[in-house]
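Please view the sequence and the structure before reading on.

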Amino acid sequence: MQGLLDRTPEELLAWAEAQAWVDPMRRTPQRRGEGDVWSQTVKAYTRLFELDPWRRLDETAQKVLALAVLFHHVGRPTTTEQRTDRIIAPNHAAYGRRITRQALIREPIDYRHRELIASLVRWHPVPVTITKRVRPQATVIETSWRTRNDLLHLLSVANSLVCEPGAQPALLERIGQFRALCRQMNCFDQPYPFANDKARFLWFRGALANPAARPPEDYACEVTMLVGLPGAGKDHWCREHAAALPMISLDGIRKELGVGWTDDQGRVLRVAEDRFTAFLKAGESFVYNATNIDRAMRRKWVRLVRQRGARIRMVYIEPPLEVIRRQNLGRAEVVDDAVIDQYIEKLEVPDATEAHEVVWT
């Protein structure tokens, strides 16, 4: 099957036109006098290829950005509200990221590229709103680690060039200020250069006022947290890379307690937390092997790790979906496809802001 990033811009547009997520965009108004959301998206897509900075990107980055433009307003149909004097779509970028991920997870595209596309969708409003941010320097540092600021800049330029002519100069000026601030903070074409992993970890938790500070990297122990869908290969990774470490496995605890995947997981999680805390108190490094696909749940475990002065490393595992389903059939306890689909709907891939180290295998 031809990969999405192997297609020409014309083929990508033809692919998108045939997708179910486009239909709601065709029925949703953009702004007064600007037509529907999809028509405006196609105009921005066309303008993108006229930009000299886009032509200077490598081919993969060009296709990633092109797909991000096609998806960047996909959350508007869910969030659009028609007011008396205007049309708004609050939080459409956050909804858009989830829709983008769900749409692309079943397509022939590497998940690293998918997540970059989804992150551009999530953060695309930032350049045109940078002057309204309370802490604009902090904002560009954050986006440099959550996505790519150089691509975010180009997406915003293409989008602004199809707005009403009277609004374009102000929009482009703000986008220029975003680029200038990124360059000032040394994070336009790279993530902000924190002094070390601990500095980044603490800064993203509001525990380090100066992002240029260098806190000492001394840890009581290290926790390796696996993240991945059922059948992704987490047990295999443990055997290959962490066989010498003790492990907390939710599958193992379920087996001990006789609890199934669709049963109440309360007892399983309580046992896991007791063991998690015991290892931390003992200062012993260990592996936590569970799906951990929910960001809020990961945050809970990370909080425990930080309280004990330990280091957290997340390892995300995602083979192609057909491989996940095939490997699931070889598990001791097979998970129903319907349950896997539910996990896919809830999937939140960890990024580098969540831990001292995040590894995408």
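Helices (H or I, at least four residues) and strands (E, at least two) are DSSP runs, numbered from the N terminus. The model is predicted: local features need pLDDT of at least 70, side-chain atom pairs count only at pLDDT 80 or more, and totals for chains, interfaces and linings use all residues. Residues are numbered from 1 along each chain as its sequence is written, and side-chain values use heavy atoms, with hydrogens and water left out.

**Helix H16**

- The 17 residues of H16 (residues 266-282) should span 24 Å at 1.5 Å a residue, and the 25 Å between its end C-alpha atoms agrees with this; the expected span is 1.5 Å times one less than the number of residues.
- Val-268, Ala-272, Phe-276, Phe-279 and Leu-280 of H16 are buried (under 20% relative accessible area; exposed is over 50%, partly exposed in between; 1.4 Å probe, protein chains only).
- These residues cover an arc of only 95° around the axis, which puts them on the same side of H16; the arc is that of the directions from the helix axis to the C-beta atoms.
- Arg-270, Asp-274, Lys-281 and Ala-282 are exposed on the face turned away from the buried side.
- Gly-283, with a positive phi near 70°, follows H16.

**Strand E5**

- In E5 (residues 286-289), Phe-286 and Tyr-288 are buried on one side, and Val-287 and Asn-289 are buried on the other.
- E5 pairs in the parallel sense with E3 (residues 222-227) over 4 bridges, pairing requiring at least two DSSP bridges between two strands.
- Met-225 stands opposite Tyr-288 in E5.
- E4 (residues 247-249) also pairs with E5 in the parallel sense, over 3 bridges, and Ser-249 stands opposite Asn-289.
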